[in-house]
Amino acid sequence: MMSYGCKYIALVPPCILTSDQQSVRSNGNYWGHPFVKKFRQYNMTCVSWICPEYSFNEFQPNLCCGKHSIHFYQALDGYNEHCEQLAEKFIQNVLDMGIVGNCSIFLFGVEYSPSCANSYIFSRKGVLKQPGIFLNILKTKLEIQEIKTKQIGINRRYPKKALTQLTQFLEEKDPDKQP
């Protein structure tokens, strides 16, 4: 087992780290850059999971390139099982790193994602207050393993709120790192 001498861990979907992993790409500044900058400023260890939408059924690109509601993914045969397997493997990787209990752990979600939303998703009925399919499974499995996380949902259109939330927590814990 590897052990990391870290203070902060960021459990993140891959689309935070790179715009190539987003379902909807837009021109201009990428919404994930300020988070990556903050991760670097506080020397956070980032651990990313494999995108459940992109990796389902042998990486069918049409699944992650459209704007699909949660109902679309719930109707896909085997999608929940796929998310279960990814979550189990991801948690095992986190446990193998030897970080649990030694660091403050942040769990980031991307709001309105049918898979990785922290609190809000799109449905045929509009916006619902519930986590995405994968993140719901991941949260449950983290709780079973007694891995406590600070959960932050990022709205891609208005990421400043989530960045402020992260910054406030980090500044409380580590005031010497303030810019």
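User: Let's start with β4 and β5: how do they pair, and over how many bridges?
Analyst: β4 and strand β5 (residues 126-129) pair in the antiparallel sense, over four bridges. Two strands count as paired if DSSP finds at least two bridges between them. The strands and helices themselves are DSSP runs (helices H or I, at least four residues; strands E, at least two), numbered from the N terminus.

User: What joins them?
Analyst: A hairpin joins β4 to β5 through two residues. As for the bridges, Phe122 has Val127 in β5 as its partner.

User: Before I go on, what kind of model is this?
Analyst: It's a predicted model, where local features need pLDDT of at least 70 and side-chain atom pairs count only at pLDDT 80 or more, while totals for chains, interfaces and linings use all residues. Residues are numbered from 1 along each chain as its sequence is written, and side-chain values use heavy atoms, with hydrogens and water left out.

User: OK, Ser123. Buried or exposed?
Analyst: Buried, with a relative accessible area of 10%. The cut-offs are under 20% for buried, over 50% for exposed and partly exposed in between (1.4 Å probe, protein chains only). Ser123 is found in strand β4 (residues 120-123).

User: What does the side chain of Ser123 reach?
Analyst: The backbone nitrogen of Lys125, at 2.9 Å. That's a polar contact, meaning a pair of N or O atoms within 3.5 Å; within protein, one must be able to donate a hydrogen and the other to accept it, and residues adjacent in sequence count only if both atoms are side-chain atoms.

User: And which residues is Ser123 in contact with, leaving aside neighbours within four places in sequence?
Analyst: Ser69, Ile70, His71 and Leu128. Contact here means heavy atoms within 4.5 Å.

User: Switching topic: how many salt bridges does a search of the whole structure find?
Analyst: Two. The rule is a side-chain nitrogen of Lys or Arg within 4 Å of a carboxyl oxygen of Asp or Glu. Glu84 and Lys141 meet in one, at 3.0 Å, N to O. That pair links distant parts of the chain: Glu84 is in helix α6 (residues 79-96) and Lys141 in helix α7 (residues 133-144), 57 residues apart.

User: And which residue does Lys141 bridge at 3.2 Å?
Analyst: Glu88, with 3.2 Å between the closest N and O atoms. Lys141 lies in helix α7 and Glu88 in helix α6, so this pair ties together parts that are 53 residues apart in sequence. Glu84, Glu88 and Lys141 are linked in a network of salt bridges.

User: Why would side chains like that pair at all?
Analyst: Side chains of opposite charge can pair when their charged atoms come close.

User: How covered are the three residues?
Analyst: Lys141 is buried, with a relative accessible area of 17%. Glu84 is partly exposed at 31% relative accessibility, and Glu88 is partly exposed too, at 45%.

User: Now the largest nonpolar core. Which members touch the most others?
Analyst: Leu11, Trp49, Phe134 and Leu138, out of 29 residues. A nonpolar core is a set of buried Ala, Val, Leu, Ile, Met, Phe, Trp, Tyr and Cys residues joined through side-chain atoms within 4.5 Å.

User: Which element gives the most to this core?
Analyst: α6, with seven residues. A second, separate core has 21 residues, including Tyr8, Met44, Phe106 and Ile154.

User: Who is Trp49 in contact with, beyond neighbours within four places in sequence?
Analyst: Among them are Leu11, Pro13, Phe90, Phe108, Cys116, Phe134 and Leu138.

User: Tell me about Phe90. Where does Phe90 lie?
Analyst: In helix α6, and Phe90 is buried, with a relative accessible area of 3%. Phe90 and Leu138 are 48 residues apart in sequence and 8.6 Å apart in space, C-alpha to C-alpha. Neighbours within four places aside, Phe90 is in contact with Leu11, Val47, Ser48, Trp49 and Leu138.

User: Last one: how many helices and strands in the chain?
Analyst: Eight helices and six strands. Of the 179 residues, 46% count as buried.
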